Amino acid sequence: MRRYVIRRLAQLVPILLVITFLSFAMMRLAGSDAVLQKMENTGMALSPDAIERARAELGLDRPFVVQYVMWLANLLHGDMGVSYVTGKEVFSSFVSKLPATLLLAVVSIALTVLISIPLGVLAAVRQNRLTDYLVRAASFVGNSMPNFFVALLLMYAFAIRLKALPVMSTSVSLAGVVLPSLTLAIAMSAKYLRQVRATVLDELSRDYVVGARARGVRFGVTLTRSVLRACLVTIVTLLVLSVGSLLGGTAIVESIFMWDGVGKLAVDAIQMRDYPMIQAYVMWMAIIYVVANLLCDLSYRLLDPRIRLGGEES
């Protein structure tokens with residue numbers, strides 16, 4: 001297993017190089033830079049000479065390849081650069097937004113587990129009955145509504161009508177995280193409970209379940225000790241991949257609720273052409289997804305010792 005982990009981590013290096021290079025190229029192809037974007041947002045009017053001096057100070061007058069190589073060299077020395085907009089260090093600015101994103105991810109995953117797994121199992125156990133139809137209908141409705149629409153509905157119901165929760169988050173707090181996390185949990189649960197239902201149904205059709213019923217074993221015992229345990233591989237896969245996407249930040253939801261996390265930071269950086277901040281976000285996303293997939297693969301071995309990882313002998 002150690003050899004497998006080392007090989008997977010080594011694959012992170014070329015992936016990061018390709019992703020950062022492509023992101024650099026696509027931002028330059030957008031047709032603007034940080035100086036011009038700042039002028040448009042602030043309404044300032046600078047002379048051509050002042051624009052050129054500002055671009056030279058930021059290094060934007062150099063060829064694209066030179067800019068990328070210089071950024072990469074600084075990164076290898078632990079320097080992620082300085083924000084073009086705020087003038088602060090990118091690393092410290094980025095790290096300061098991580099607690100909000102971590103809190104949002106943890107609460108969203110917890111709500112998703114509490115909603116999708118019980119409802120998915122209930123729908124499978126009550127197959128083709130009223131409960132199953134209601135759960136599947138709710139799943140269909142949840143899948144049909146985009147995140148921003150769910151966010152507006154929750155905001156209207158709980159913040160405007162009931163006045164129980166804040167409309168927008170002014171700080172990282174439990175009260176402020178309820179609505180954005182519930183928005184994400186509804187969307188993920190609507191998708192995952194159908195997959196949980198299908199997995200449990202497939203497992204309930206196995207011979208060992210029929211044999212347990214014939215021997216008089218209580219169905220609840222078979223469900224909790226055998227069926228759900230066999231379904232853990234699928235459930236863990238869904239949850240780990242969701243953690244990866246949530247830690248990357250959910251830009252739309254964070255922007256709607258003004259949640260001061262990584263996703264909102266990335267949206268602001270893209271709007272202002274803040275290239276160093278965008279590169280930090282791109283690297284974070286790449287690392288999160290690679291690590292999430294690695295943890296997902298390793299969890300297979302822990303949940304089912306029969307599964308062999310790449311390079312292991314059977």
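The model is predicted. It holds one cavity of 30 Å³ or more, three aromatic pairs and six salt bridges.

**Cavity**

- The largest cavity has a volume of about 40 Å³.
- Its lining consists of Ser-116, Ile-117, Tyr-192, Val-196, Ile-235, Leu-238 and Leu-239.
- Three helices, α6 (90-125), α9 (174-204) and α12 (232-247), each supply at least two residues of this lining.
- The greatest contribution comes from α12, with three residues.
- By class, six of the lining residues are nonpolar and one is polar, while none is charged.

**Aromatic contacts**

- Among the three aromatic pairs is the one formed by Phe-21 and Tyr-68, which is edge-to-face, with 5.3 Å centre to centre and 85° between the planes.
- This pair links distant parts of the chain, since Phe-21 belongs to helix α2 (residues 12-28) and Tyr-68 to helix α5 (residues 64-76), 47 residues apart.
- Phe-21 is partly exposed, at a relative accessible area of 36%, whereas Tyr-68 is buried, at 7%.
- Together with Trp-71, Phe-21 and Tyr-68 form one aromatic cluster.

- Arg-197 forms a salt bridge with Asp-132, and the closest N and O atoms are 2.8 Å apart.
- Arg-197 lies in helix α9 and Asp-132 in helix α7 (residues 130-144), so this pair ties together parts that are 65 residues apart in sequence.
- Both partners are classed as buried: Arg-197 has a relative accessibility of 13%, and Asp-132 has one of 0%.

**Other salt bridges**

- Arg-206 forms a salt bridge with Asp-202, with the closest N and O atoms 3.0 Å apart.
- Arg-206 counts as partly exposed, at 40% relative accessibility, and Asp-202 also counts as partly exposed, at 40%.
- Lys-264 forms a salt bridge with Asp-268, with the closest N and O atoms 3.3 Å apart.
- Lys-264 and Asp-268 are separated by about one helical turn because they are four residues apart in helix α14 (residues 262-271).
- Lys-264 counts as buried, at 14% relative accessibility, whereas Asp-268 is partly exposed, with a relative accessible area of 33%.

**Salt-bridge network**

Terms used: Residues numbered from 1 in each chain as written. Predicted model: local features only at pLDDT ≥ 70, side-chain atom pairs only at ≥ 80, totals over all residues. Heavy atoms only, no water. 1 Å grid on protein atoms, 1.4 Å probe; cavity = no way out; pocket = protein on both sides within 12 Å on 5 of 7 lines; lining within 4 Å. Points joined across faces, edges and corners; volume = space filled by probe spheres on them. Nonpolar A, V, L, I, M, F, W, Y, C, P; charged D, E, K, R; others polar. Phe/Tyr/Trp six-rings, centres within 6.5 Å; stacked < 30°, edge-to-face > 60°. Buried < 20%, exposed > 50% of the residue type's maximum accessible area, 1.4 Å probe, protein only. Salt bridge = Lys/Arg side-chain N within 4 Å of Asp/Glu carboxyl O.
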